[in-house]
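This briefing covers a sheet, a helix pair and a ligand site. Please have the sequence and structure open while reading.

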Amino acid sequence: MGFNAPNFVGIRLSPQFQDVALELKSARLYKFALPFKHPLDLKHTTLHQRDGLILILTDTAGHVGLGEISPLPGFSRETIETAIYKTTMLVDRMINFGELTAHHHSRRTTSWENRTAPSVVHFGVETALLSLLANARKISLGAMLYGSSSNKIPINGIIRSSLSDWVPEADFLVSEGYKTLKIKVGKINPFLEAQGIQEVREFVGPDIEIRLDANRSWDLETGIQFGQAIQSANVAYIEEPIQNPAELPRFYDECGVHFAFDETLHRIIDPTISFGSYTGLKALVLKPTLIGCTARFIALVNQAQEQDILSVISSSYESDVGLAALAQLAASIGGDSVAVGLDTRSALTAGTTKTPSSIQNGWMPVRTLTTQDLDLSYSELLYEN
Ligand code: OSB
Ligand code: MG
């Protein structure tokens, strides 16, 4: 019984990949729990450990595909329990009954445009399938989807400390080799924060790119005041400055600071929407884990490319397996010229591979993982088929 991965995922690849049917043989699903170095404060919760799932698919020829399914509390719609349930049901059907039944189970009979909410399960299962297909053809996931790939990608270093530590943190990251910094704002008084941004700019000089992320902290008026106060700091863009995305063009009109979508893309908005109508939109910050399926991710990247908007691939505190897949996508989409948001591994004390996805001089090497690379000592086997 052949399983056509691109058809299942709902994408078109070149014929050498599109027309190949996988003979799926077995699946294993692990659940990991990785401690954070420090409690991680997110918008609605504080996390002490990262829970997630690693899916290992094997075909009858022994090729392997890896995927990660890690719902992020406060961001993903699904809990880890729901994700386990959905993944095991879906994988069970894939192995035992093939593509059509699996399709039916994952509601793929309706395309993503007609669904309302993305699912963290889809992206993880799809990367496992697609990377199995790529491994069998001895090519990387990114190169299979996009034709070419760089072997390393530049990373934006994250500053999530409190305001008084911004300059020392920036100093540290720049000395480590980062050329792009991303500072989390919207936590305390916006005027003090704006002053802090000016200080960071003065300190790092004109050649370091500065990005900001406010995670929708402000109303329009506060956002505009902040934007006006940082005008001279030459910030590349600010992610999600205000609560209502519909007001973003006004934000830009009033302060001239470019903005980027992040949270806005975690819901399926009108697929025919033109980003061109969002004057001031500079970048899409794309978190495949939260965008929820490969077909939608690819459609967003294509749409951004057509409209001269930057695609900035970004992580959601995945383990090494998920990060490796994100790095492969980034290496084919922005290559070595767009700094991406994969600086999240350093927040964890342990991972899911023997060597962690490391960043050196602000660059992350792109790697293709095999089962030999895995270290599942922080994981337990949940399911085997
Ligand atoms: O707000 O961009 C965010 C990670 C998880 C959840 C939300 C966010 C993030 C990141 C990822 O900041 C790292 C990055 O984009 O540089
Ligand atoms: Mg963001």
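Which strands does helix H3 lie across, and at what angle does H3 run to S1? Helix H3 (residues 80–97) lies across S1, strand S2 (46–59), S3 and S13, at about 160° to S1. The model is predicted: local features need pLDDT of at least 70, side-chain atom pairs count only at pLDDT 80 or more, and totals for chains, interfaces and linings use all residues. Residues are numbered from 1 along each chain as its sequence is written, while chains are lettered from A and ligands numbered from 1 in the order in which they are written.

**Sheet**
- Four strands form an open sheet in the order S3-S2-S1-S13, with antiparallel pairing (a pair needs at least two DSSP bridges).
- Strand S3 (64–69) and strand S13 (379–384) are at the edges with a single partner strand each, so one side of each has no neighbour in the sheet.
- From one strand to the next, the twist averages 25°.
- Strand S1 (residues 24–41) and S13 run antiparallel and are joined by five bridges.
- Arg28 stands opposite Glu384 in S13.

**Helix pair**
- Helix H7 (residues 166–176) and helix H8 (residues 190–204) have axes that come within 9 Å and cross at roughly 35° (axes are lines fitted to C-alpha atoms, for helices over the stretch in contact, and angles run from 0 to 180 degrees between N-to-C directions).
- Helices are DSSP runs of H or I with at least four residues, and strands are runs of E with at least two, numbered from the N terminus.
- Trp166, Val167, Ala170, Asp171 and Val174 in H7 meet Gly196, Glu199, Val200, Phe203 and Val204 in H8 (contact means C-beta atoms, placed from the backbone, within 7 Å).

**Ligand 1**
- Ligand 1 is surrounded by 17 residues, and the closest are Lys182, Asn215, Ser314, Ser316 and Gly341 (C-beta atom, placed from the backbone, within 6 Å).

How values were computed. Two residues are in contact if their C-beta atoms, placed from the backbone, lie within 7 Å.
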